[in-house]
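Subject: Structure handover

Hello,

Here is the structure for your files. My notes on the chain contact and the cores follow it.

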Amino acid sequence: MITERQEELAALHAFGLLEGQERIDFEVELMRDPELRTLTLHLVEAAALTSLSAPQIDLPSGLKDRVLAAAAQSAPTNVVAFPLLKFAPWAVAAGLALAATWLTSQNFSLRTENANLRTERQLAETAYKMAQNQLAERSLLAENMISDLGNKLRKSEDLARLKVTALASLAGNTKEAQVIAVWDPERQAGLLTMDKLPATNDGEDYQIWVVDPAYKNPVNGGVFHVSSDGRIALPFKPDQPVAQAAAFAISLEKKGGVPKAEGPIVLLGK
Amino acid sequence: MSEPTPSLPPSGDDQGLEQARLLAAMAKGDRSALGRLYDSIARPLYSLAYRIVNDSAEAQDIVQDVFLQIWQKAASYDTTRGSVFGWAATLTRNRAIDRVRMRKRRSELLAESAPDLQPAPLEGDLDSGASLWLQEKARAVRTALGQLAPDQKTAIELAFFSGLTQLQIAAKLNEPLGTIKARIRRGLLKLKETLPTRL
């Protein structure tokens, strides 16, 4: 069913009076509507016949010769071209369809490849982070190990610096005594550990001596008293600087000690 | 009450078929077919071109261009899309209007051709040299145009010959655009009903 509006547009189209979007819209409508197409075709034909209402004028002489001469210099389009032209839109459509299919497959392929690459990148990033964490852990562990080793080294250096001497009994009453002297030359201090050292009488004290070749007499390291169990750990500090602790001795002296050894040397160690 | 509807002589369809055959021969390179087609339709085409551009030299150029185009595109002519004459007339009109617009002489030409918008005498200017077929066609068209209301006929002739836009036609006739559109629609539909599809 053709509306008045369509008739009006068809009539205007027949005279070439449609312009712009109105013309485009109508031509689209023409392609979709065969009935409208038929009407428009008839209106175009009727409009063309209007030309016969123009006053008829004799043809100028020579025009026919000019037309034929122009045609002689220009060959008509090949007849074969007609069916080809007729199928050209289909060929273009087929080409577009093939191109669209190819582009779609390429698109899918590229998307898949892109997704794979993205996954690989994520895996690589994860592996990289794990490696970083492991490295950080190992680094921390190594630092701790280095720190521990450093501490141990310092302790071993400390130990190496220390002089450890076991004192031997020189008196009959101290045969079972076990005395060890540890001397730290840097700190100028020492430690005596004693076990089974006979207890001293009330008026007596043991006195520690450090033998240093720099001095004519042993250097006084202090006095100590031993109770009944004979076990004692005693720090001592000489009253003069000791350059080289060549030996350690313990004598039995009167209470309070003496500046220079007078009593018997009961223990000695180098 | 109404005038008898003009009918085409039997020769109309024959002429249309003959012109289609000439085009088929031209598509195969037959220049003599081009000469025969020229003899058949060149005069109304030249008259149409002259009617629009109002210049003999330009009208001749237009006709030459149109026949050259028909010669080159003969193979693409589709008989289901209209008559050979309709195709040629449309080509001629479009080229003539393009020339008018290109020269920007529209207003001048309108002024010059204004008297031509008056109804032409039904048979007055058909000279004895015109073919019988052409004389009959022209008579049928003018009769059909004469059956239109004067305002419809004027609108149709302006739409076909002037190259004016819808708005310009409305302005020239001092009528609303909708009225002009309606006149063109009704006038052309009546022409279609009155004229046979193939002259």
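Chain A and chain B bury about 5,400 Å² between them, with 67% of it on carbon and sulfur atoms; buried area is the accessible area (1.4 Å probe) that two parts lose on being put together, summed over both. This is a predicted model, in which local features need pLDDT of at least 70 and side-chain atom pairs count only at pLDDT 80 or more, while totals for chains, interfaces and linings use all residues. Residues are numbered from 1 along each chain as its sequence is written, chains are lettered from A and ligands numbered from 1 in the order in which they are written, and side-chain values use heavy atoms, leaving out hydrogens and water.

The contact (heavy atoms within 4.5 Å) takes 48 residues from chain A and 68 residues from chain B. A:Phe15, A:Leu52 and A:Gln56 supply 14% of the area that chain A buries against chain B, more than any other three residues. Across the interface there are 5 salt bridges (a side-chain nitrogen of Lys or Arg within 4 Å of a carboxyl oxygen of Asp or Glu). A:Asp58 and B:Arg43 meet in a salt bridge through their side chains, at 3.1 Å, N to O.

The largest nonpolar core has 85 residues, and A:Phe15 is among those with the most contacts inside it, as is B:Met26. Such a core is a set of buried (under 20% relative accessible area, 1.4 Å probe, protein chains only) Ala, Val, Leu, Ile, Met, Phe, Trp, Tyr and Cys residues joined through side-chain atoms within 4.5 Å. Of the 199 residues of chain B, 53% count as buried.

Regards

Technical notes: Buried < 20%, exposed > 50% of the residue type's maximum accessible area, 1.4 Å probe, protein only.
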